[in-house]
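This report walks through one protein chain. Please keep the model open beside the text.

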Amino acid sequence: MEKEKILKKYPWLLHLLIMLGVSLVILAVVLLFIRIYARQGQEYKIPDYVGKNIAEAEATDEIGVEFVVQDSIFRKDAEGGMILTQDPKGGTMVKSGRKVYVSITAYNADDAILPELAGLSVRQAVSELFSLGLSVGKLTFVEDPYKNSVVNQSCKGKTLYAGQQIPRGSVVDLVVGSGDGMGENSVPFVIGKTADMARRDILSVSLNVGIEHFRGVKNKTTAVVYRQEPDYTGVNKYPYGTSVELWYIDADNTDVSKMVSDFKVDSSKIVEHNQENDGRPNPEDIDDNWQW
C-alpha cells in the first residue's frame with residue numbers, strides 16, 4: 001500500500017523505474033550479443049601448418065580457420081600445395097573463423113622474365129633471382145675490373161639474356177668479376193635454417209653452396225641445417241667462391257630454437273688474420289735473437 005501511494009504521489013518515479021528496467025534488459029541483450037559475436041573465451045591454439053599440404057590442412061582443420069593463399073612459389077623438388085609460410089604462426093591463440101594467410105608451392109611451373117643482372121652485386125642478383133622463384137647455382141669468378149659484380153649468367157651451360165623467359169625453379173649460374181684481387185668473406189650462420197634460406201645466405205656473401213647431405217630426411221622443404229663446414233666463427237674469412245658443405249635434419253623431430261640457442265662458437269677453430277701466414281712470428285715465439 002505504501003508503495004502504491006508513493007507511486008501515485010510521484011508518477012514520474014514509476015516511469016523512471018520502467019525506463020531503468022528496460023535499459024537493463026537492453027544492456028543485457030547487447031552484452032550477450034557481443035559475447036556471442038566476439039566468441040569470448042573461445043580461443044584455440046593454431047597448429048603449425050608449415051610443411052603440410054594445404055588440402056590436408058583444410059580437411060583436418062578442427063578450429064574453423066580460413067586459409068588465404070597470398071603467394072605460390074615453384075619449388076623443383078616439392079609437390080604443389082605445400083605450405084611454406086603462415087601468418088599467424090603456429091602456437092598463436094586465435095578465434096574460430098580467423099583467416100590464416102599462407103604461401104604455398106606452385107602446382108605448375110610458369111615462366112619468369114630474367115631481369116638485367118649484369119653490373120649488380122652478387123647480393124643484389126641473388127635477391128632478384130630468388131624473388132622470381134629462380135635458384136642460384138654456382139658462382140664462378142673471372143678477371144674483371146669490377147669486384148663482386150655480375151658479368152653474365154647461364155642455365156645448363158647456355159648463356160641467358162635480360163628479358164628472356166625461363167621456367168621458375170630453374171638454376172641460374174653467375175659469372176662474377178674478381179676486381180683487382182679475390183675478395184673474402186665470413187661464412188654466415190645458417191644452423192636452424194631451411195635449405196632455401198641457407199643457400200640464399202651463403203650465396204649472398206659470394207660463397208658457394210657445396211655438398212648438401214639429406215640422409216634420413218623425410219621432408220627436404222622443411223628440413224633445417226644442423227651442421228655446416230666451414231663452421232661459423234664470426235671471425236674467419238674465406239676467399240669468394242669457397243664451398244660451404246651442409247648437413248640437414250627433419251625439423252619436425254628437432255627443437256630448432258634450442259639447437260640455435262645452444263650453439264657455441266668453437267674457439268679452437270678461430271684464426272686471427274693478423275697472425276696468418278704473413279711471415280711474422282707469434283709474439284710468444286719471439287726471443288732476443290729473432291731477426292725479421
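## A glycine in a loop

G181 sits in the loop that links β11 to β12 (184–186). Helices (H or I, at least four residues) and strands (E, at least two) are DSSP runs, numbered from the N terminus. With a relative accessible area of 26%, G181 is partly exposed. The cut-offs use a 1.4 Å probe and protein chains only: buried is under 20% relative accessible area, exposed is over 50%, and partly exposed lies in between. The C-alpha atom of G181 is 8.5 Å from that of E143, although the two residues are 38 apart along the chain.

## Basis of the model

This is a predicted model, in which local features need pLDDT of at least 70 and side-chain atom pairs count only at pLDDT 80 or more, while totals for chains, interfaces and linings use all residues. Residues are numbered from 1 along each chain as its sequence is written, and side-chain values use heavy atoms, with hydrogens and water left out.

## The chain overall

The chain has six helices and 16 strands. It holds 292 residues, of which 31% count as buried. Contact means heavy atoms within 4.5 Å. Take the contacts between residues at least 6 apart in sequence: 73% of them join residues at least 24 apart.

## A four-stranded sheet

Four strands form an open sheet in the order β7-β11-β8-β9, with mixed pairing. Two strands pair if DSSP finds at least two bridges between them. β7 and β9 (158–160) stand at the edges with a single partner strand each, so one side of each has no neighbour in the sheet. On average, neighbouring strands here are turned by 35 degrees against each other, direction ignored. Angles run from 0 to 180 degrees between N-to-C directions, and axes are lines fitted to C-alpha atoms, for helices over the stretch in contact.

Strands of a sheet pair through backbone hydrogen bonds, either parallel or antiparallel. β7 and β11 take the parallel sense, over six bridges. V142 has G177 in β11 as its bridge partner.

## Two nonpolar cores

Which residues have the most contacts inside the largest nonpolar core? They are L114, L117, L129, V136, L139 and L174, in a core of 21 residues. A nonpolar core is a set of buried Ala, Val, Leu, Ile, Met, Phe, Trp, Tyr and Cys residues joined through side-chain atoms within 4.5 Å. At least two residues of this core come from each of α4 (122–131), β7 (135–142), β8 (150–155) and β11 (171–177). α4 gives the most, with five.

Leaving aside neighbours within four places in sequence, L114 touches L129, L134, Q153, L160, Y161, A162, G163, Q164 and I166. A second, separate core has 17 residues, including V187, V190, A198 and F214.

## Helix α4 against helix α5

α4 and α5 (195–204) pack at an angle of about 155 degrees, their axes 8 Å apart. That makes the two helices roughly antiparallel. Angles under 35 degrees count as roughly parallel, over 145 as roughly antiparallel, 65 to 115 as roughly perpendicular and the rest as oblique.

V122, R123, V126, S127 and F130 of α4 meet D196, R200, L203 and S204 of α5. By class, this contact has four nonpolar, two polar and three charged residues. Ala, Val, Leu, Ile, Met, Phe, Trp, Tyr, Cys and Pro count as nonpolar, Asp, Glu, Lys and Arg as charged, and the others, Gly among them, as polar.

The buried residues of α5 are A195, A198, I202, L203 and S204. They pack against α4, β7, β13 (208–213), β14 and β16 (243–249). After α5 comes S206, with a positive phi near 70 degrees.

Most residues other than glycine have a negative phi, and most peptide bonds are trans. A cis peptide bond joins D87 and P88, with omega about 5 degrees. P88 lies in the loop between β3 (83–87) and β4 (93–95). The bond from E229 to P230 is also cis, with omega near 5 degrees. P230 lies in the loop between β14 (224–229) and β15 (237–239).

N148 is not a glycine, yet its phi is positive, about 60 degrees. N148 belongs to the loop between β7 and β8 and is buried, at 17% relative accessible area. K156 also has a positive phi, about 55 degrees. K156 belongs to the loop between β8 and β9. Is K156 buried or exposed? K156 counts as exposed, at 79% relative accessibility.
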